Structure formats: C-alpha cells, structure tokens
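I am opening a notebook page on one protein chain. The entries below say what I looked up and what I found.

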Amino acid sequence: MTSETITAEAAGTWKLGDLSVNRIGFGAMRLTGSAAFHLGTPSDRERSVTVLRRALELGVNHIDTAAFYFSSLRSANELINSALAPYPDDLVIVTKVGPYRDYAGEWGSSARPDQLRGHVEENLRQLGRDHLDVVNLRRMRQDSIAEHFGALADLREAGLIRHLGISGVEPRHLAEAQAIAPVVCVQNQYGLHSPDAGADEMLRMCGEQGIAFVPFFAIAGEGGAQGSSGGEDDEIRAVARAHEATPAQVRLAWTLQQGPHVLAIPGTGNPDHLAANVAAGALRLTADELARLEAAYRQGG
C-alpha cells in the first residue's frame, strides 16, 4: 500500500472526553533513542524534531508521552515542546504519571499519592503548558488505585488536568476509578502477540461504556520496550503480502478493527516508519483475514 498520501484521518475519529482525535496517534517513547528509556543510544535531535513535525503534517493530533520518557541526552517532552509549540488548537497531548526515574535514568519507587502533583507539574513544565489535556495514572502493582486516582481527580478540579485515564489496570480498577471521577481512556498492553482474557474483557467494557481503549506495544508485542523481535507469524506475513503492506501495518490494522473506540499510538523515530504507521489507518482487513488472524491470536500469536 502507498503511504505517502495517506493521513491519520483515514483511521476515523474518537473522543477523549470532549477532545476529538484521529484514531491513529503517535507514541513519543522512541523519540529519545534507538530503544526505550536508557536502552540503546540517544537519538539524533533534528531527526526526532522532524518526525514530530511530520506527524502533524500527516494529520496526527494525539501524542502520547511522559516525563519519564528520556535517554541520556533526550527528553520526549522537551522535544515535543521544541518541535511543536505553540501547539495547534486541535492537538491533544496525553501524559502519564506514577512511574519514576532518577536523573541517571534508573527506575525508582513509584509515586505516592501526595507526590503526583509534582509529576503533573513536571510534565507541565517540560511541555510548556498550564494544563494537561489527559493524564493517565499508570498503576504500579498496587491493589487499589483509589487514593492515587483521587489525588489526580483533585488536580483535575484545580484545573491542572482536563481529563483522566488509567493504564496497566484490570477491570475492577476501572470501576474503582469511575466511582471517583470520569475515565476517558484505558491504556493497556494489547496486540496480536499473545491472548489475554483480562485485556479482552477490558476492551469489551470500554466499548460498552464509550471509553477509548488505547493499546501499547501493539507492534513490538512481547518485545515491549526492547522493540519488535522481527519474527512474524505466517498468517500475518500472508495478510501483509495480500495488501502489499508490512507486518507492522497489519498488526496496527487488526488493532484498530477491534472496535471503533480503539486508538493506536505507534511510536518511532524514523520518518519512513511514521508514514507507514499512519497509513495503516487506511488498511481494511477482510472478514476472512480477521478470522485467520484471530485464530492465530487465540493460539498465542
């Protein structure tokens, strides 16, 4: 499939609260280096800036980021600020809080509820904004998210946050959060790499309630932050050949076709990969192809 002329509008739209976004967005994690966080080598700054500006040219109006997305030389938030400020009115920047990395890049203890304001203010400072469009609470193994989510709800009431989401959660956490404040999105790992009954249930619940379901690592799969291993199932390769597409595009198309409320946030520091990812929003898999991929998914990818 030709990617040069396809924009993010081809994927359709969904709303995060009152904010309309194209269903193909952009994840900023890989802007900072050859691999996520402190892995790999730092990125070329100008190339990362070019990717961000090109994303907007291709119609991307939903960027996912976090203050803890940084390498030894690059910060995703700082790159976004430098490349895109003053921000277009329709650009929605989604951040997440909870995890913590020190200045050396090592992971520290996750935030206590009383520390979340500092996490929010750090994102505000780095992005150069006076409020955040959407903030996801990333659950860090705690059994209950009520106290943490309540702290973010207070910041929402104070005007620092417009909408709230949750990440890395089970269905019971969604109900727990909704008893405190509205939830506009759920960000969980999900994709063609392995079956997960809990993720399937969350996908269903979000669809029934009109909440955006935003999978991460939809391309990388079990490689996670390390990136895709490059190995692909025969069915994925066969479907890709039929559409003159890449396996990554098929993975993204499958993800989007799991429901109109599903958003995709593939990340890359490569302008060519960016265009291909955005173009995946125009790829429509047939019922037979979806059935074949579903069978492979249920068998474990």
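I start with a term: a residue is buried when its relative accessible area is under 20%, exposed when over 50%, and partly exposed in between, using a 1.4 Å probe and protein chains only. Helices (H or I, at least four residues) and strands (E, at least two) are DSSP runs, numbered from the N terminus.

**Entry 1: ground rules.** This is a predicted model, in which local features need pLDDT of at least 70, side-chain atom pairs count only at pLDDT 80 or more, and totals for chains, interfaces and linings use all residues. Residues are numbered from 1 along each chain as its sequence is written, and side-chain values use heavy atoms, with hydrogens and water left out.

**Entry 2: confidence.** I looked up pLDDT, the predictor's confidence in each residue, from 0 to 100. Its mean over the protein is 92, and 94% of the residues reach 70 or more. Over residues 223-229 pLDDT stays under 50. The model has 14 contacts (heavy atoms within 4.5 Å) for that stretch beyond four places in sequence. Where pLDDT is low, the predicted coordinates should not be read in detail.

**Entry 3: helix H3.** Which residues of H3 are buried? I found Leu116, His119, Val120, Asn123, Leu124, Gln126 and Leu127. They pack against H2, S5, strand S6 (132-138), helix H4 (146-157) and strand S7 (161-167). I also checked the length of H3. After H3 comes Gly128, with a positive phi near 70°.

**Entry 4: helix H2.** In H2 (residues 76-84) the buried residues are Ala76, Asn77, Leu79, Ile80, Ala83 and Leu84. Why do they lie on the same side of H2? They cover an arc of only 160° around the axis, which puts them on that one side; the arc is that of the directions from the helix axis to the C-beta atoms. An α-helix has 3.6 residues a turn, so residues three or four places apart point the same way. The buried residues of H2 pack against helix H1 (45-57), strand S4 (62-64), strand S5 (92-97) and helix H3 (116-127).

**Entry 5: Thr95.** I picked Thr95 in strand S5. Thr95 is buried, at 0% relative accessibility. Leaving out residues up to four places away in sequence, Thr95 touches Thr65, Asn123, Leu127, Leu132, Val134, Val135 and Asn136.

**Entry 6: aromatic rings.** Rings of Phe, Tyr and Trp (its six-membered ring) pair if their centres lie within 6.5 Å; planes under 30 degrees apart count as stacked, over 60 as edge-to-face and the rest as tilted. By this rule I count four aromatic pairs. Tyr190 and Phe213 are edge-to-face, 5.5 Å centre to centre with 85° between the planes. Tyr190 is in the loop between strand S8 (185-187) and helix H6 (197-209) and Phe213 is in strand S9 (residues 212-213), so their pair ties together parts 23 residues apart in sequence. Tyr190 is buried at 4% relative accessible area, and Phe213 is buried at 0%. Tyr190 also pairs with Trp254, this time stacked: 5.8 Å centre to centre, 20° between the planes. Trp254 is in helix H8 (residues 247-256), 64 residues from Tyr190. Trp254 is buried too, at 0% relative accessibility. Elsewhere, ring pairs link Phe68, Tyr69 and Trp107 into a cluster.

**Entry 7: Arg101.** A charge sits over a ring if NZ of Lys or CZ of Arg is within 6 Å of the ring centre and within 35 degrees of the ring normal. Arg101 lies over the face of Phe70, at 3.9 Å from the ring centre. The charged end of Arg101 also sits over the ring of Trp107, 5.5 Å from its centre.

**Entry 8: backbone exceptions.** Most residues other than glycine have a negative phi, and most peptide bonds are trans. Ala85 and Pro86 are joined by a cis peptide bond, with omega about -5°. Pro86 is in the loop between H2 and S5. Arg141 has a positive phi, near 75°. Arg141 is in the loop between S6 and H4, and is exposed at 71% relative accessible area. Glu244 has a positive phi, near 50°. Glu244 lies in the loop between helix H7 (234-242) and H8, and is exposed at 65%.
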